[in-house]
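This report describes a protein chain with a ligand, moving from the overall fold to a pair of helices and then to the surroundings of the ligand.

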Amino acid sequence: MYNLLKGKRGIIFGALNADSIAWKVAERAHEEGATFVLTNAPIAMRMGEINKLAEQTGSQVIPADATSMEDITNLVDQSMEILGGKIDFVLHSIGMSANVRRGNHYTKSNYDFTTIGWDVSALSFHKVMNVLYNKEAMSEWGSIIALSYMAAQRVFPDYNDMADNKAYLESIARSFGYFFGRDQNVRVNTISQSPTMTTAGSGVKGFDSFLNYADEMSPLGNASALACADYTISMFSDLTKMVTLQNLFHDGGFSNMGISTEAMKIFVDKK
Ligand SMILES: NC(=O)c1ccc[n+]([C@@H]2O[C@H](COP(=O)([O-])OP(=O)(O)OC[C@H]3O[C@@H](n4cnc5c(N)ncnc54)[C@H](O)[C@@H]3O)[C@@H](O)[C@H]2O)c1
């Protein structure tokens with residue numbers, strides 16, 4: 001370990017269980033010397049797993065629905081009190097599509113569900129930054145990261161309305177990131193991660209094939225949740241101070257591939 005986050009304070013959204021990307025980020029942040037508050041939706045607390053992570057990392061847990069301005073305000077106030085100062089890093093690791101959950105095809109979206117999923121998966125990022133910005137709760141050169149997926153740029157049919165939510169999320173990172181950078185020297189980025197076997201990931205129809213396809217297409221193979229955590233830690237550290245307004249692909253090279261020799265083999269003699 002490198003003490004990359006020694007003395008830094010953070011808020012980590014979205015650790016549901018040991019598969020969660022946020023869980024790995026919390027473990028790595030702890031190893032790198034950070035102190036932080038863990039948060040998740042009140043309903044996710046019922047499973048109780050987050051308490052194990054809290055114990056393991058010496059953290060406190062504050063429930064917050066990321067769509068509620070009241071909950072986020074309370075979370076930020078309490079976090080600064082518990083951690084003893086302004087916040088150096090924030091991870092937004094939140095995604096949910098009500099249409100995917102109900103099995104609604106993209107062409108037959110239920111728009112009430114679309115709105116719920118958009119609020120949870122995308123607008124919540126704006127709400128979190130709204131509270132942090134207006135309270136001036138971030139330290140200078142602090143770092144805010146949200147997790148995204150490449151369906152924001154390219155078509156992956158079964159990713160459904162989450163594709164639109166991710167496009168909106170990435171746009172918020174740029175738009176809010178401008179004001180955060182200009183006014184408070186805080187950087188805002190999204191990390192676009194490979195398909196990863198987690199609770200949210202496996203909700204996507206045909207996820208196994210999705211995962212295998214990306215693995216075959218990427219020169220380095222799919223990036224694991226732990227590798228994503230490592231990258232996120234580097235983005236929270238002082239080594240990446242001038243990176244902001246970016247959507248950073250963390251995908252083993254997938255995003256720049258056309259076809260791989262492995263994938264080509266599947267199409268040999270197919271006419
Ligand atoms: N798994 C993948 O293949 C993959 C790939 C790229 C990006 N991502 C993104 O990574 C992030 C984390 O997902 P994950 O794969 O670790 O799955 P996960 O299911 O472990 O995490 C999703 C989290 O969102 C939380 N959440 C849902 N509604 C909420 C609300 N109203 N308020 C607060 N929290 C809420 C859940 O409780 C859960 O902890 C998501 O943004 C996801 O879209 C995942």
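This is a predicted model: local features need pLDDT of at least 70, side-chain atom pairs count only at pLDDT 80 or more; totals for chains, interfaces and linings use all residues.

Residues are numbered from 1 along each chain as its sequence is written.

The protein chain comes to 11 helices and 7 strands, where helices (H or I, at least four residues) and strands (E, at least two) are DSSP runs numbered from the N terminus. Its C-alpha trace spans about 65 × 45 × 40 Å along the principal axes.

Helix α4 (residues 69-83) packs against helix α6 (residues 111-134) at an angle of about 45°, with the axes 10 Å apart; axes are lines fitted to C-alpha atoms, for helices over the stretch in contact, and angles run from 0 to 180 degrees between N-to-C directions. The contact, which requires C-beta atoms placed from the backbone to lie within 7 Å, is made by the following residues.

| Helix | Contact residues |
|---|---|
| α4 | Met 69, Ile 72, Thr 73, Val 76 |
| α6 | Lys 127, Val 128, Val 131, Leu 132 |

Around the ligand there are 27 residues, of which the closest are Ser 20, Gly 95, Thr 198, Ala 200 and Gly 201; a residue is counted if its C-beta atom, placed from the backbone, lies within 6 Å. Two or more residues of this shell come from each of α1 (21-31), β5 (138-148) and α8 (199-202), and α8 gives the largest share, 3 residues.

Methods:
Two residues are in contact if their C-beta atoms, placed from the backbone, lie within 7 Å.
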